[in-house]
Amino acid sequence: MKMFNAKSSSADVSEATRGLSGPKFILFTSDANHFDANVAEIEKKYPGVPSIGCVAMGYDSSIQESGLIVTAFTEGVKVKTGVLEKVSKMPARYIGRLEKDIEEIRPGKENTAIIDFCAGNDAAVLTTLRGLIDKYNLQVMGATGDAGKVSVNGKIYEDAMTYAVIRNEGGKVKAYKENIYEPKDNRQLIASKTDKAKYYLGELNGRSSKQVYMDLTGATSDKQIIDQTFQNPLGKMIGNDVCICSIKDVSGSGLILYRQINDSDILTLLEMRDPMEVAQHTVEKIKNDFTRISCIYSVNCIFRYLVLKERGELNTYLSKIASLGPSCGLIGFGEHYNTQFVNQTMTCIVFE
């Protein structure tokens with residue numbers, strides 16, 4: 001397969017698509033001010049070409065904080081795009097659309113992936129997709145965009161997930177997840193008095209979750225708790241894996257997280273590792289799995305963007321991943337890795 005990628009800091013479609021002809025599939029990120037117009041113009045310029053888009057910052061080997069980035073697959077792929085609507089109330093209602101598209105793609109072993117953009121309610125959407133992902137042995141990578149809207153094939157939707165089912169005709173695809181945090185001391189914290197609808201965590205080990213977090217980290221105010229989550233997020237233990245549960249806000253004596261927590265879930269306190277060492281490990285892992293790379297499309301969480309930018313390592317990190325081959329992606333507000341909805345994480349899909 002072949003990938004085209006270009007950008008325009010002024011969100012000009014003509015500039016971001018200069019040299020692009022005969023695309024098989026287009027995905028793009030735009031700033032909020034130009035999103036609606038860009039959706040319409042891309043559809044007008046490439047009528048009938050499958051496309052998905054969202055509001056987000058984009059990047060290749062360096063970040064672009066506003067404007068437009070257009071990524072296109074120009075050969076070697078078969079693609080079907082679609083939308084699941086009203087995902088906050090009935091995410092399974094339109095699942096038949098996705099299954100029909102998967103069937104038309106005729107996925108083979110390890111050569112088909114889904115890239116999706118969500119306007120919200122990601123956890124419910126991914127739970128709904130689980131059966132199809134397992135049935136067809138699919139890889140999934142996606143993100144929550146900004147501004148509460150996404151697009152597919154020239155139409156804009158709210159409360160929806162837009163998707164592209166992509167079969168790589170020239171080789172395999174594989175999804176990866178990169179976590180720059182690890183358990184600090186393996187302390188087990190049992191969640192209770194949770195409210196899944198509000199993403200609320202009331203208690204840890206029978207005590208106020210706010211107070212427990214302050215005791216463990218030394219934070220002394222609500223603001224310090226929010227700031228401290230960049231260094232010490234909570235993590236949910238799932239077997240030998242850890243899913244990051246970033247702190248969004250403080251509510252009374254409890255915490256509001258970016259991820260739903262259930263009563264009796266086992267959490268632990270995490271601490272940040274050296275991001276450049278972690279990135280090098282990711283590069284080596286992908287090199288071991290692929291001898292030839294056509295494209296890497298990734299999502300970096302907004303929290304990772306803020307951490308790496310503050311450390312002065314953002315473009316260094318992006319260049320390190322881009323050293324593997326053509327690489328681009330977006331800054332998301334939640335990341336998807338197969339059936340998992342994760343936070344403070346990088347996820348990517350690699351195409352041979």
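Analyst: Ala, Val, Leu, Ile, Met, Phe, Trp, Tyr, Cys and Pro count as nonpolar, Asp, Glu, Lys and Arg as charged, and the rest, Gly included, as polar. The model is predicted, so local features need pLDDT of at least 70 and side-chain atom pairs 80 or more, while totals for chains, interfaces and linings use all residues. Numbering starts from 1 along each chain as its sequence is written, and side-chain values use heavy atoms, leaving out hydrogens and water.

User: How do the residues lining the second largest pocket divide by those classes?

Analyst: Rolling a probe the size of a water molecule over the atoms shows where empty space is left. A pocket is an open set of points on a 1 Å grid over the protein atoms alone, where a 1.4 Å probe fits, with protein on both sides within 12 Å along at least five of seven lines; lining residues have an atom within 4 Å of a point. Here the lining splits into 5 nonpolar, 5 polar and 4 charged. Of its 14 residues, A123, T127, K236, R259 and Q260 sit closest to the centre.

User: What is the volume of the second largest pocket?

Analyst: About 320 Å³, counted as the space filled by probe spheres set on grid points joined across faces, edges and corners.

User: Which element gives the most to that lining?

Analyst: α4, with 5 residues; helices are DSSP runs of H or I, at least four residues, numbered from the N terminus.

User: And what lines the largest pocket?

Analyst: That pocket, about 370 Å³, has 19 lining residues, with G120, N121, D122, Y199 and F341 nearest its centre. They divide into 10 nonpolar, 6 polar and 3 charged. Here too α4 gives the most, with 3 residues.

Terms used. Helices (H or I, at least four residues) and strands (E, at least two) are DSSP runs, numbered from the N terminus.
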